[in-house]
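Biologist: I would like to go through this chain feature by feature. Please give the general idea where there is one, then the case at hand.

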Amino acid sequence: MSYDDVEIEDMEWNEELQSYTYPCPCGDLFQITKEDLKLGEEIARCPSCSLYITVIYNIEDFLADSDQNRRNKPLEPSKQQTVTVA
């Protein structure tokens with residue numbers, strides 16, 4: 001059973017860990033990455049103890065963010081391959 005249910009808005013983005021974090025009673029931090037959230041994961045685990053929390057969030061917010069990033073990235077030129085015809 002989850003230690004607590006926590007809204008994603010109540011978590012903090014940690015640039016160093018590249019994760020959303022939330023204080024754990026043991027003194028460490030529950031952590032979950034954006035990639036985990038995009039995959040539908042909702043469990044943030046503490047690396048120092050056995051506790052975990054359920055993260056409440058809207059997956060569409062993270063999928064939309066992913067689509068936006070793909071649209072904003074410049075297209076890389078396709079690599080040309082030489083084809084020999086006999």
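Modeller: The chain has two helices and six strands. In sequence order the pattern is β-β-β-β-α-β-β-α. Keep in mind that this is a predicted model.

Biologist: What share of the 86 residues is buried?

Modeller: Buried residues account for 23% of the 86. The accessible surface of the chain is about 6,800 Å², and carbon and sulfur atoms hold 47% of that surface. As for contacts between residues at least 6 apart in sequence, 31% of them link residues at least 24 apart.

Biologist: Let us turn to strand pairing. How many bridges join E2 to E3?

Modeller: Three bridges join E2, residues 12-14, to E3, residues 19-23, and the two strands run antiparallel. Within this pair, Asn14 is opposite Ser19 of E3. E3 is also joined to E4, residues 29-32, by four bridges, again in an antiparallel arrangement. There, Tyr22 faces Phe30 of E4 across the pair.

Biologist: How should I read side-chain directions along a strand?

Modeller: In a regular strand, side chains alternate between the two faces of the sheet. For a case in E3, take Ser19, which lies in that strand.

Biologist: Is Ser19 buried or exposed?

Modeller: Ser19 counts as buried, because its relative accessibility is 3%, below the 20% cut-off. Leaving out residues up to four places away in sequence, Ser19 touches Glu12, Trp13, Asn14, Gln31, Ile32 and Thr33. A polar atom of the Ser19 side chain is also 3.1 Å from the backbone oxygen of Leu17.

Biologist: Which residue in the turn of the E3 and E4 hairpin has a positive phi?

Modeller: Gly27 does, with a phi of about 110°; that hairpin has five residues between its strands.

Biologist: Next, the cysteines. How many disulfides does the structure hold?

Modeller: It holds zero disulfides. For Cys24, the closest cysteine sulfur is that of Cys49, and the 3.6 Å between the two sulfurs is too far for a bond, because a disulfide requires them to be within 2.5 Å. Cys46 is in no disulfide either: its nearest cysteine sulfur, in Cys26, is 3.6 Å away.

Biologist: Are Cys24 and Cys46 buried or exposed?

Modeller: Cys24 is buried, with a relative accessible area of 7%. Cys46 is buried too, at 6%.

Biologist: What is the idea behind looking for a nonpolar core?

Modeller: In soluble globular proteins, nonpolar side chains tend to be buried together. Here the largest nonpolar core has 14 residues, and the members that touch the most others are Ile8, Met11, Tyr20, Ile32, Leu37, Ala44 and Val55. The elements giving two or more residues to this core are E4 and strand E6, residues 52-56.

Biologist: Which residues is Val55 in contact with, leaving aside neighbours within four places in sequence?

Modeller: Val55 is in contact with Val6, Ile8, Met11, Ile32, Leu37, Glu42 and Ala44. For another residue of E6, take Thr54. Thr54 counts as buried, at 16% relative accessibility. With the neighbours within four places again left aside, Thr54 is in contact with Ser2, Asp4, Asp5, Val6, Glu42 and Ile43.

Biologist: One loop remains on my list. Where does Gly40 lie?

Modeller: Gly40 is in the loop between helix H1, residues 34-38, and strand E5, residues 43-45. Gly40 is partly exposed, with a relative accessible area of 34%. Apart from residues up to four places away in sequence, Gly40 touches Tyr57 and Ile59.

Definitions and conventions: Residues numbered from 1 in each chain as written. Predicted model: local features only at pLDDT ≥ 70, side-chain atom pairs only at ≥ 80, totals over all residues. Heavy atoms only, no water. Pairing = 2+ DSSP bridges. Buried < 20%, exposed > 50% of the residue type's maximum accessible area, 1.4 Å probe, protein only. Contact = heavy atoms within 4.5 Å. Areas by Shrake-Rupley, 256 points an atom, 1.4 Å probe, with all protein chains shown as cover. Polar contact = N/O pair within 3.5 Å; in protein donor to acceptor, adjacent residues only side chain to side chain. Core = buried A, V, L, I, M, F, W, Y, C linked by side-chain atoms within 4.5 Å.
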